[in-house]
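These are my notebook entries on one structure.

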Amino acid sequence: MNGVVAVIGAGTMGSGIAQCLAQAGYQVEVVEPDRSVTERARRGLDESVRLALLLGRGDRRTAPDIGQRVRWVERIDELSAVGFVIECASERITLKEQLFGELDRHCRADAVLASCTSAIPIARLAAATERPDRVLGLHFMNPAPLTTAVEVVRGAQTAPHTLARATDLIAALGKEAIVVGDRPGFVLNRVLMLSIAEAAATLDTGTDAATVDALFEQCLGHRMGPLRTADLIGLDNVADTIEVLRRETGESHYRVPPALAALVDAGHFGRKTGRGFHDYR
């Protein structure tokens, strides 16, 4: 595989994936048109590397090289040399379709185009390109540097060599590739988003978020309850994903519950803003 990998978007997930790639020795091109987001991501990368060293999870000899392996650019037309792209834009269908059309025009013909979408069918994104055989999903979990597996979504037209390149990349990051078929929400979010929505709906009965999560953590042995999980993902991302599932499946049980909608409307997105279902301030 070409040693240069591009990441589209410098948000929480994009910057986390960029860190994983740089730590594995790849040169990384991160495309982000908003300079304030880029600066925040650049600082976050440096802080994350320092934290990993403090926790004994990094190599002090190579840590200074990680930031140097990441180049921050503003335009997709600067990606003509990359062999693999991972798109991490907001969970909006029209935005992602537009981005895949641009990537198809500007990236070299043999480049693999992957999406970190939470729920949008890969077939829809592949249809925006002239290379559907080179399109697939790489659904990383948050925080990307600390999770050990990636849900790899094989579209109906994804070629075997494309899937092999993707699983080789995931292995090079020290993670396990778990391959699933293509449908809205794939496997993980098709189930998880229902769990989060129903857990949030129980708050209307007077049960608090700590109690809901304690039941899952203490009775079922879950490492993190559904509402803490939602706070980690980002409540804005959760709401967007549920809406995508509702539109793409036509199933009414995918709905944004009032408790979740109220938090998102108030700008309380979870850990990244300091408050969500739980308070992190």
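Entry 1

Is Arg 71 buried, partly exposed or exposed? I found Arg 71 at 40% relative accessibility, which makes it partly exposed. I note at the outset that the model is predicted.

I then looked up the partner of Arg 71. Glu 78 forms a salt bridge with Arg 71, and their closest N and O atoms lie 3.9 Å apart. The cut-off for such a pair is 4 Å, so this distance falls within it. For the whole structure I recorded 19 salt bridges.

Entry 2: two further salt bridges

I next examined Asp 236 and Lys 272, whose side chains meet in a salt bridge with an N to O distance of 2.9 Å. This pair links distant parts of the chain: Asp 236 is in helix H10, Lys 272 is in the segment after helix H11 (258-265), and the two are 36 residues apart. Why does Asp 236 count as buried? Its relative accessibility is 18%, and the limit for buried is under 20%. Lys 272, at 44%, counts as partly exposed.

I also looked up Asp 279 and Arg 281, whose side chains form a salt bridge at 2.5 Å, N to O. Asp 279 has a relative accessible area of 47% and is partly exposed. Arg 281 is exposed, with a relative accessible area of 71%.

Entry 3: the nonpolar cores

Which residues of the largest nonpolar core touch the most other members? I listed Ile 8, Leu 79, Val 85, Leu 103, Cys 107 and Phe 277, out of 43 residues in that core. Several elements each supply at least two of its residues, among them strand E1 (4-8), helix H4 (93-106) and helix H8 (209-219). The largest share, six residues, comes from H10.

Leaving aside residues up to four places away in sequence, Ile 8 touches Val 31, Ile 76, Leu 79, Val 85, Ile 86, Glu 87, Cys 88, Ala 89, Leu 99 and Leu 103. There is also a second, separate core of 36 residues, which includes Val 30, Ala 144, Ala 166 and Leu 169.

Entry 4: H7 against H10

I returned to H10 for its packing against H7. The axes of H7 (residues 188-201) and H10 (residues 235-249) come within 10 Å and cross at roughly 115°. The crossing is left-handed. From H7, the residues Asn 189, Arg 190, Met 193, Ile 196 and Ala 197 meet Val 238, Thr 241, Ile 242, Leu 245 and Thr 249 of H10. By class, I recorded six nonpolar, three polar and one charged residues in this contact.

Entry 5: a buried threonine

Where is Thr 162 found? I located Thr 162 in helix H6 (residues 160-172). Its relative accessibility is 0%, so Thr 162 counts as buried. Beyond residues up to four places away in sequence, Thr 162 touches Val 112, Asp 133, Arg 134, Val 135 and Leu 136.

Terms used. Residues numbered from 1 in each chain as written. Predicted model: local features only at pLDDT ≥ 70, side-chain atom pairs only at ≥ 80, totals over all residues. Heavy atoms only, no water. Axes fitted to C-alpha atoms, helices over the stretch in contact; angles between N-to-C directions. Helix = DSSP H or I, 4+ residues; strand = E, 2+ residues; numbered from the N terminus. Left-handed = near helix turned anticlockwise from the far one by under 90°. Contact = heavy atoms within 4.5 Å. Nonpolar A, V, L, I, M, F, W, Y, C, P; charged D, E, K, R; others polar. Buried < 20%, exposed > 50% of the residue type's maximum accessible area, 1.4 Å probe, protein only. Core = buried A, V, L, I, M, F, W, Y, C linked by side-chain atoms within 4.5 Å.
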